[in-house]
Amino acid sequence: MQYFPLFVDTQSLKVLVVGAGDVASRKLDLLSRTQAHIKVIALDVCQDTQAYVQSGRISLEQRSIKQSDIKDCDLLYLCTADTALNEQLAVFAQEQGIWANVVDNPKFCRFITPSIVDRGRLQIAISTAGAAPVYARELRSRLESWLPQSITPLFDFIAERRGEVQQRLPVFKQRRVFWEQFFSRNDTRYDESTEKHYQSSFTISKQRGELLLIDTTTDPKLLPIGAMPYLQKIEVTYSRLDVPFELNELLRRDASISSQFDTKCIEAQLAKGESCLVFGNVDEINDLAEQFPNAKYLKPGRL
């Protein structure tokens, strides 16, 4: 993983953009949505960038850039048409410990700006590490069409009520079940029924956990997409073998792994309403499938 994804708090962040042409304006289209303090230094200014100046969203100094201008910023975008100048300033920024992005020149980028799906509090960043930005934009368009705009007010609604949920449900697992029930009832809508679904979700009904079975002949990369929601609910993975990295990556980060288990242990887990996964050889998994007929035996292409 060459580029590690981070979400940065933009409050009080100082961003300097060098250049004010069409390329710079595209960066400003995204930066202007943040809470960062944005300063632009350039000799020539395009109409779109000038509009941001007139709106008061950014500050502009129409002059040549100096190295001393860079020392006060947190992030630097170099968008001039002068490749040599961009590279020179990027090297200087690195020496000063300042992160710089040189447009269309990954070799001199300390960071890159991903393709972003913006739904208010829900942000999805997509990157191909500079290899295929066209595909990143295509994937973004698919997500844009799939995620409704109602998610924006819905997540504002949820954020306002997180404190109340924590007070009424002090146990973490209770809160997780609460939100699972809420989203199951409400989905991604935000309408007159959202408050009703929120209140009714406090009546947490105790449900039996689910058992998932996967044998060693199954390549995790070939599991059906429909298996993902089930895998994300797993509390513990039982296995006497090493769990493949590819399978572990599909599970919740806080799920535990145990090599000590039997059928009584599994039954107790399910009775408490906690879902579990057993990974083992074919004979072991077939045996468990007979003992737990309601278990989901995951195989390539089907649940």
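I will start with a pairing: strand β8, residues 211-215, runs parallel to β12 and is joined to it by two bridges. This is a predicted model, in which local features need pLDDT of at least 70, side-chain atom pairs count only at pLDDT 80 or more, and totals for chains, interfaces and linings use all residues. Residues are numbered from 1 along each chain as its sequence is written, and side-chain values use heavy atoms, with hydrogens and water left out.

Some terms. Strands (E, at least two residues) and helices (H or I, at least four) are DSSP runs, numbered from the N terminus. Two strands pair if DSSP finds at least two bridges between them.

Back to β8 and β12. The bridge partner of L213 is Y297, in β12. Both strands belong to an open sheet of five strands with parallel pairing, in the order β10-β9-β11-β8-β12. Its edges are β10 (256-258) and β12 (296-297); each has a single partner strand, so one side of each has no neighbour in the sheet.

Now another sheet. Here five strands form an open sheet with parallel pairing, ordered β3-β2-β1-β4-β5. β3 (59-61) and β5 are at the edges with a single partner strand each, so one side of each is left without a neighbour in the sheet. From one strand to the next, the twist averages 20°. Angles run from 0 to 180 degrees between N-to-C directions, and axes are lines fitted to C-alpha atoms, for helices over the stretch in contact.

Within this sheet, β1 pairs with strand β4, residues 75-78, in the parallel sense over four bridges. V18 stands opposite L78 in β4. Helix α4, residues 83-95, packs on the sheet and touches β4 and β5, and its direction makes about 165° with that of β4. Contact here means heavy atoms within 4.5 Å.

Next, the cores. A nonpolar core is a set of buried Ala, Val, Leu, Ile, Met, Phe, Trp, Tyr and Cys residues joined through side-chain atoms within 4.5 Å. Buried means under 20% relative accessible area, exposed over 50%, and partly exposed in between, with a 1.4 Å probe and protein chains only.

Which residues have the most contacts inside the largest nonpolar core? They are V15, V17, L28, I38 and Y77, in a core of 18 residues. At least two residues of this core come from each of β1, α1 (22-31), β2 (37-41) and β4. α1 gives the most, with three. Leaving aside residues up to four places away in sequence, Y77 touches several others, among them V15, V17, K27 and F111. A second, separate core has 16 residues, including F92, A93, V102 and C109.

N105 lies in the loop between β5 and β6. Is N105 buried or exposed? N105 is buried, because its relative accessible area is 15%. Not counting residues up to four places away in sequence, N105 touches T83 and E87. The side chains of N105 and E87 are joined by a polar contact of 3.0 Å. Such a contact is a pair of N or O atoms within 3.5 Å; within protein, one must be able to donate a hydrogen and the other to accept it, and residues adjacent in sequence count only if both atoms are side-chain atoms.

D104 is found in the loop between β5 (99-102) and β6 (115-119). D104 is exposed, at 77% relative accessible area, and has a positive phi of about 60° although it is not a glycine. S12, in the segment before β1 (14-18), has a phi near 70°, again positive in a residue other than glycine. S12 counts as exposed because its relative accessibility is 55%.
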